[in-house]
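Have a look at the picture first, then read on.

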Amino acid sequence: MTQGFSRIGEANNKNYKKLKPSKLLILFSLLLLIAFQSSNAAFLKDKKDSFYFKNDKQEIETLVKKLYEWVETKNSNNDFNPLANKKGDKYIGLDLNSHKKRLEELKKTNFFSQQFLDNYNKIALRIDSNLKTKKIEWFEGELPPFGSDSNPWCNCQDNPENFWKTMTINHLKIENDKASFDWTWSWKGDFKYKVKTIKENGTWKIASLEGFDFNEFTKIY
């Protein structure tokens, strides 16, 4: 009987030795996971506590900087090109062929979400309709009767040189793969520009830009 208990004890001891490394490995993995989450999580305090991962913030900052480098160095600026009448003294709609090419240009950058592209297209179609139905009039040599006097990409008429290199993102809020924030540049003052982004297929993209707000851009005065 004593030998039987001894054999059972030896067997349990062997099983314990077999399990012990596995338990240590699981414990070590859990500690690594906690350490990773602690190092990558940053807390935002609003009406309720929420958190986001640092890599999300970094990806959004990179996206915005690359966007504005493109805007300033590679952008064709073919936003809402008009179509003139036979006399050439008045615009009677938008050049929709040019607009279609512009949409393709925006899409190829991979900066913009489908939400942004749909809104951009909606703005163009409304302007085209307003010109064709004469709800607005646009004469050659005059400022367009939509949008504002500023560049919609930044709501500005002037900007610092290479401002995308020094721009900063503020008031970042991320929730359910959607983010909102504003950015500013190196010039002193209260300048800020509102942006929303959305994560599509695991990649952050521009969802909306303040200068392309549909209601404001197409408002008839």
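When we say two residues are in contact, we mean that they have heavy atoms within 4.5 Å of each other. With that in hand, take D56: leaving aside its neighbours within four places in sequence, D56 is in contact with I174, K199 and W204. D56 sits in helix α2, which covers residues 54–73; helices here are DSSP runs of H or I with at least four residues, strands are E runs of at least two, and both are numbered from the N terminus. Is D56 buried or exposed? D56 counts as buried, because its relative accessibility is 10%; buried means under 20% relative accessible area, exposed means over 50%, and partly exposed is in between, using a 1.4 Å probe and protein chains only.

A quick word on where this comes from: this is a predicted model, in which local features need pLDDT of at least 70 and side-chain atom pairs count only at pLDDT 80 or more, while totals for chains, interfaces and linings use all residues. Residues are numbered from 1 along each chain as its sequence is written, and side-chain values use heavy atoms, with hydrogens and water left out.

Now step back. The protein has five helices and nine strands, and along the sequence they run α-β-β-α-β-β-α-α-β-β-β-β-β-α. Of its 221 residues, 33% count as buried.

Next, follow β6 (residues 168–175) into β7 (residues 178–184): they pair in the antiparallel sense over six bridges, where pairing takes at least two bridges found by DSSP between two strands. In this pairing K173 stands opposite S180 of β7. The two strands make a hairpin with two residues between them, and N176 in the turn has a positive phi of about 55°. On from there, β7 also pairs with β8 (residues 193–200), again antiparallel and over six bridges, with K178 bridged to I198 in β8. Five of the seven residues of β7 are buried, so this strand is largely enclosed by the rest of the structure.

Elsewhere there is an open sheet of three strands, in the order β3-β4-β5, with antiparallel pairing. Its edge strands are β3 (82–84) and β5 (138–139), each pairing on one side only. β3 and β4 (residues 90–94) share three bridges, and P82 has L94 of β4 as its bridge partner. Helix α4 (residues 114–132) packs on this sheet and touches β4 and β5.

Finally, look inside. In soluble globular proteins, nonpolar side chains tend to be buried together. The largest nonpolar core here has 45 residues, and Y68, F80, F112, F116, W183 and L209 touch the most other members; such a core is a set of buried Ala, Val, Leu, Ile, Met, Phe, Trp, Tyr and Cys residues joined through side-chain atoms within 4.5 Å. Not counting residues up to four places away in sequence, F80 touches several partners, including L94, Y120, W138 and F217.

Note on methods. Axes fitted to C-alpha atoms, helices over the stretch in contact; angles between N-to-C directions.
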